[in-house]
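User: I have a structure to go through with you. Can we take it piece by piece?

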Amino acid sequence: MFAAERRQLILEMVRANGAVSLRELARVVQTSEVTVRRDVRALEAEGLLDRRHGGAVLPGGFTRESGFPQKSHLATAEKTAIADLAASLVEEGEAVVVGAGTTTQELARRLARIPGLTVVTNSLLVAQALAHANRVEVVMTGGTLRGSNYALVGSGAEQSLQGLRVSRAFLSGSGLTAERGLSTSNMLSASVDRALVQAAAEVVVLADHTKLGTDTMFQTVPTDVITRLVTDDPPAHDDRAGTELQALADQGVQITVTGGAAGTGPGGPGGGGEALPPPPGRQARRDTPLPGQRRTHGGGGPGPQPLRGATSGSAGTLADQPPDRARVSDLRRR
């Protein structure tokens, strides 16, 4: 197949689905991912699509929602690391709500190991992941099934959440910006997510770096309602994601970052750097580097990094905790 034919087919797939992984593109056009990546780069230069980590999406600030098969192949390693870290925030006996999405599905698989939980969800995939968990009670909302993401939506779902109160809501979405917060491309999904937020004392957003700086049509959670963001360490060249994380931190969102899929890189173990400056009028509680900034070890550098789930004043450091735990930056809301 000639390059022009490949690129036309790639463009048609992205237009049809909104987002397609490099792996799927390579399978359909019957070539290597290296070649597909080159084609995607050429199409991006023409303004016909935008590259994302592991795939391609429609161009423009407001992106279409892709279906579950496409989402499940994007940023899989990052979603797994985010789910591991988010699960460490949950304690035995808690009651939480978990929204629909591929990242929250990964979280549910890990929540199945925590006894005594009550999990409220509108996602069939989340419920399926917890169906055989011992001592985990699953409560599903009512509503109408939306087949593209296997979620229950509509007035039935929203009404079943009235009067509910849980400790935390774990939500994902199509995009996250400091200006508008979490957003999605579907009005019915956005409405149910807002109802889930109303039921929770804290709101935890799970979003890999490909969603940072992306804005979609319907706002679900305003920035000032988000308690914590759990994300992965964006690549050093991804200035947009780094800028968005800084802006979210400036607005008081707690930022918890995984150590990366391989545990290396600019923001992972072995790096070094400078501390995040506090936002205007706000005093930082501890020196914590932003993801993507290099950390230093030794004289003049910051001290031991906080472990996941650690709070200000906790004793856990890398010196006295198991070495396989992820290093995180945790920017505390004042």
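User: Which residue caps the N-terminal end of helix 9?
Analyst: N186 does, with a side-chain oxygen 3.0 Å from the backbone nitrogen of L188. Helices here are DSSP runs of H or I with at least four residues, strands are runs of E with at least two, and both are numbered from the N terminus. This is a predicted model, where local features need pLDDT of at least 70, side-chain atom pairs count only at pLDDT 80 or more, and totals for chains, interfaces and linings use all residues. Residues are numbered from 1 along each chain as its sequence is written, and side-chain values use heavy atoms, with hydrogens and water left out.

User: What should helix 9 span?
Analyst: Its 12 residues, 187–198, should span 16 Å at 1.5 Å a residue, and the end C-alpha atoms are 17 Å apart, which agrees. The expected span is 1.5 Å times one less than the number of residues.

User: And which residues in helix 9 are buried?
Analyst: Among them are S189, V192 and L196. Buried means under 20% relative accessible area, exposed over 50%, and partly exposed in between, using a 1.4 Å probe and protein chains only.

User: Switching to strand 12, how many of its residues are buried?
Analyst: In strand 12 (residues 200–206), 5 of 7 are buried.

User: Which strands does strand 12 pair with?
Analyst: Strand 12 pairs in the parallel sense with strand 9 (residues 166–171) over 5 bridges, and with strand 14 (residues 228–231), also parallel, over 3 bridges. Two strands pair if DSSP finds at least two bridges between them.

User: What stands opposite A200 and L206?
Analyst: V166 stands opposite A200, and V230 in strand 14 stands opposite L206.

Methods: A polar contact is a pair of N or O atoms within 3.5 Å; within protein, one must be able to donate a hydrogen and the other to accept it, and residues adjacent in sequence count only if both atoms are side-chain atoms.
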